[in-house]
Amino acid sequence: MEGKSEMIATWLKKHRLIYTGATRHPFILNIRDGSIDLSSFKRWLAQDYIFVRASVPFVASILLKAWKESDDSSDMDLILSGMAALNDEIAWFKSEASKWGVALHSVVPHKANLDYCRFLESVMSPDIEYAVAITAFWAIEAVYQESFAHCLEDGSRTPEELKETCQRWGNTGFGQFCRSLRNIANRHLEKASDDVLSKAEVILIRVLEHEVEFWNMCSGEI
Ligand SMILES: Cc1ncc(CN)c(N)n1
């Protein structure tokens, strides 16, 4: 198949509108221009804690797929570092929540969050190929990286008390992690059958849709 070596770039061009919708959502633009309503931020904090906890078994399932299916042992090293980052993230959410007076133990997940967590669970199935699952993992991380990095660019007016949050996903190290995930995804997609390629493209679109719904939920729109 022609142009298989950079599938992710091809798909990002094709699905630019939804990708921009996920990475330049009003929730993020409001952080960037300083107009964010703090109740939206607290809602995000509480709901994302639930999502991050649900991401642990998801990433563990990708680690298992890499162990079984990858021809390169460095894939496992990268995925393992992603697991370690989740461990830090969970600790960060707990301390951030106590700073903002958010009681994490009593948070009720919103529908958009439940739907997204259910989607993660579906990708954990052993029937889902490694190339498909790693594409989903890359997309989930890339949306946060691009979104929060945007809040730190020159000209942004992100409130001082939200800068640490933006740094967590907008820092250059996390950017490098996302680029490495994208390289792994591209490498496996290059060897994939047309059937697996169409599944990976659909999964990518689903992730982007869930991310938009997640931001909508945090903005209080649903
Ligand atoms: C909804 C969502 N998407 C992505 C990430 C980044 N792990 C996150 N914490 N939450």
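A: What follows goes from the whole chain to single residues.

Q: Fine, so what kind of model is it, and what pLDDT does the chain average?
A: This is a predicted model, and the chain averages a pLDDT of 96, with 98% of the residues scoring at least 70. For the complex, the predictor gives an ipTM of 0.98 and a pTM of 0.96.

Q: How many helices and strands does the chain have?
A: The chain comes to 10 helices and zero strands, so that, read from the N terminus, its elements run α-α-α-α-α-α-α-α-α-α.

Q: And how does the radius of gyration sit against a compact globule?
A: A compact globule of 222 residues would have a radius of gyration near 17 Å, and because the chain has 17 Å, the two agree. Along its principal axes, the C-alpha trace spans about 50 × 35 × 30 Å.

Q: What share of the residues is buried?
A: Buried residues account for 51% of the 222 residues in the chain. The accessible surface of the chain is about 10,300 Å², and carbon and sulfur atoms hold 54% of that surface.

Q: Switching to charges, how far apart are the mean positions of the positive and negative ones?
A: The chain has 24 positive and 32 negative charges, and their mean positions are 2 Å apart.

Q: Now single residues. Where is arginine 32, and what does it touch?
A: Arginine 32 lies in helix 3, which covers residues 26-32. Not counting residues up to four places away in sequence, arginine 32 touches His150, Cys151, Glu153, Asp154, Ser156, Arg157 and Thr158.

Q: How far is arginine 32 from cysteine 166?
A: In sequence, arginine 32 and cysteine 166 are 134 residues apart, while in space their C-alpha atoms are 9.6 Å apart.

Q: Where does isoleucine 36 sit, and is it buried or exposed?
A: Isoleucine 36 is found in the loop between helix 3 and helix 4, the latter being residues 38-69. Its relative accessibility is 11%, and because buried means under 20%, isoleucine 36 counts as buried.

Q: Which residues is isoleucine 36 in contact with?
A: Leaving aside neighbours within four places in sequence, isoleucine 36 is in contact with Phe27, Asn30, Ile31, Phe41, Pro159 and Leu162. As for proline 26, it is 10 residues from isoleucine 36 in sequence and 9.3 Å from it in space, C-alpha to C-alpha.

Q: Let's move on to histidine 188: which helix is it in, and what does it touch?
A: Histidine 188 is in helix 9, residues 172-190, and, with residues up to four places away in sequence not counted, it touches Ser70, Asp71, Asp75, Tyr130 and Ala131.

Q: Why is histidine 188 called buried?
A: Histidine 188 is called buried because its relative accessible area is 8%, and the cut-off for buried is under 20%.

Q: Last one, leucine 208: where is it, and how far is it from histidine 188?
A: Leucine 208 is in helix 10, residues 194-218, and is buried, with a relative accessible area of 1%. Leucine 208 and histidine 188 are 20 residues apart along the chain, and their C-alpha atoms are separated by 20 Å.

Q: And which residues does leucine 208 touch?
A: Residues up to four places away in sequence aside, leucine 208 touches Ile18, Tyr19, Ala22 and Val143.

Technical notes:
Residues numbered from 1 in each chain as written. Predicted model: local features only at pLDDT ≥ 70, side-chain atom pairs only at ≥ 80, totals over all residues. Heavy atoms only, no water. Helix = DSSP H or I, 4+ residues; strand = E, 2+ residues; numbered from the N terminus. Contact = heavy atoms within 4.5 Å. Rg over C-alpha atoms; globule rule 2.2 N^0.38 Å. Buried < 20%, exposed > 50% of the residue type's maximum accessible area, 1.4 Å probe, protein only. Areas by Shrake-Rupley, 256 points an atom, 1.4 Å probe, with all protein chains shown as cover. Lys, Arg positive; Asp, Glu negative; His and termini not counted. Charge placed at Lys NZ, Arg CZ, Asp CG, Glu CD. pLDDT = per-residue confidence, 0-100.
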